[in-house]
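Subject: Structure handover

Hello,

The structure is below, with its sequence. My notes on it follow.

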Amino acid sequence: MDAIRIFDTTLRDGEQSPGFSMNTEEKIRMAQQLASLGVDVIEAGFPIASQGDLEAVKTVAREVRGARIAALARAKREDVDAAIEALQPAESPRLHVFLATSDLHLKAKLNISRQQALEAIGSMIRLGRQHVGEVEFSAEDASRSDLKFLCQVCKVAIDAGATVLNLPDTVGYAVPEEYAAMFTEVRDYLGDPQGVTFSAHCHNDLGMAVANSLAAVRAGARQIECTINGIGERAGNASLEEVVVALAVRQSSFGLKTNVRLAELFASSRMLSEITGVHVPPNKAVVGANAFAHEAGIHQDGIIKNPLTYEIISPQAVGVPARSLVLGKHSGRNALRDLVAIAHEVMRRKSAAIAATAPSATPFPA
Ligand SMILES: [Zn+2]
């Protein structure tokens, strides 16, 4: 079965959004957990942003094993140099070079021509490849770029030595059919090159980051860039837990697997909340407090008879300690009876355990 590579950018795209900054020690803790979770790539930061960022990426690269470590760089010499330096101690490094390719970004933000963009992309990827074995190229704002120019960009990137091509929906503007069509078009133009992995990177401005990522997978993408709890710029990135659980629960539909250990999802989500002090909303898919809680009587009755009636994922599968049946005004008699029975059983076991450990002889002289 084909595998989808999970590229986690919690420590870069997530960390750069308001309220989510982490110090080096926190980044290391989170990166170790991401490695335990089984993500394929950890994007540890943007080394040119500051000396602190460079040091943090370098420390992650030195201390974290089991995942490839990526560092981000604009298609600029000083950025590429900083990223190369930061990645130096990594066992499996990946340089991640990006440049915007939409006319809007080229004119309004960068003030360069399409030709200048192509030259910067080619030369910076070639420079990177002299020092780092694997280079990914991202065409920032790909979903709003002229498709013919985007195809040209991708050809230049591959010819320069990039082996991962990321086509981001940087501003969360795409809808699934369009986003998938862009991948199909670019892959067709390039003749579906061997040894090149296509990657999706989606933002959630219209609430479609996960849907768009999965649509890209249907169109041949084999890497998804995402974050724990879906944190990231503005409305966030595609949420890692939603992406991997969707691929697992609907495996018969996608026919693909990931290397993620689902049972580590809840612990990863909790660790990020604890480090950043930002909690997930209760109705958040997979990791929210209500994701496995049931209050309505009809639902509780169904869950007691067979959990599959109202749960498509078992809480244990994603590391949630237990489902909860909440007694509230919507609960029914069956749930109440069941909870009372569970409470009795717990009390009985506790009493038995206390009796078993009690001293056998009477403490008082006869
Ligand atoms: Zn992004």
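Residues 360–366 have a pLDDT that stays under 50; pLDDT is the predictor's confidence in each residue, from 0 to 100. For this stretch the model has zero contacts beyond four places in sequence, where two residues are in contact if their C-beta atoms, placed from the backbone, lie within 7 Å. Where pLDDT is low, the predicted coordinates should not be read in detail. Across the protein the average pLDDT is 94, and 97% of the residues score at least 70.

This is a predicted model, in which local features need pLDDT of at least 70 and side-chain atom pairs count only at pLDDT 80 or more, while totals for chains, interfaces and linings use all residues. Residues are numbered from 1 along each chain as its sequence is written.

Domains

The domain assignment gives domain 1 (2–276) and domain 2 (292–358); such bounds come from an automatic or database domain assignment. Their C-alpha centres are 41 Å apart. Eight residues of domain 1 are in contact with six residues of domain 2. On the domain 1 side, α10 (240–249) and α12 (265–276) are the elements that give two or more residues. Helices here are DSSP runs (H or I, at least four residues), numbered from the N terminus. The largest share of that side, three residues, comes from α12. By class, the side of domain 1 that touches domain 2 has seven nonpolar, no polar and one charged residues. Ala, Val, Leu, Ile, Met, Phe, Trp, Tyr, Cys and Pro count as nonpolar, Asp, Glu, Lys and Arg as charged, and the others, Gly among them, as polar.

Helix pairs

The axes of α7 (residues 147–160) and α8 (residues 176–190) come within 10 Å and cross at roughly 55°. Axes are lines fitted to C-alpha atoms, for helices over the stretch in contact, and angles run from 0 to 180 degrees between N-to-C directions. α7 and α8 are therefore oblique to each other (under 35 degrees is roughly parallel, over 145 roughly antiparallel, 65 to 115 roughly perpendicular, the rest oblique). From α7, the residues L147, L150, C151, C154, K155 and I158 meet M182, E185, V186, Y189 and L190 of α8. This contact divides into nine nonpolar, no polar and two charged residues.

For α3 (residues 51–63) and α4 (residues 77–87), the axes come within 7 Å and cross at roughly 35°. L54, V57, K58 and A61 of α3 make the contact with A82, E85, A86 and L87 of α4. Its residues are six nonpolar, no polar and two charged.

Regards
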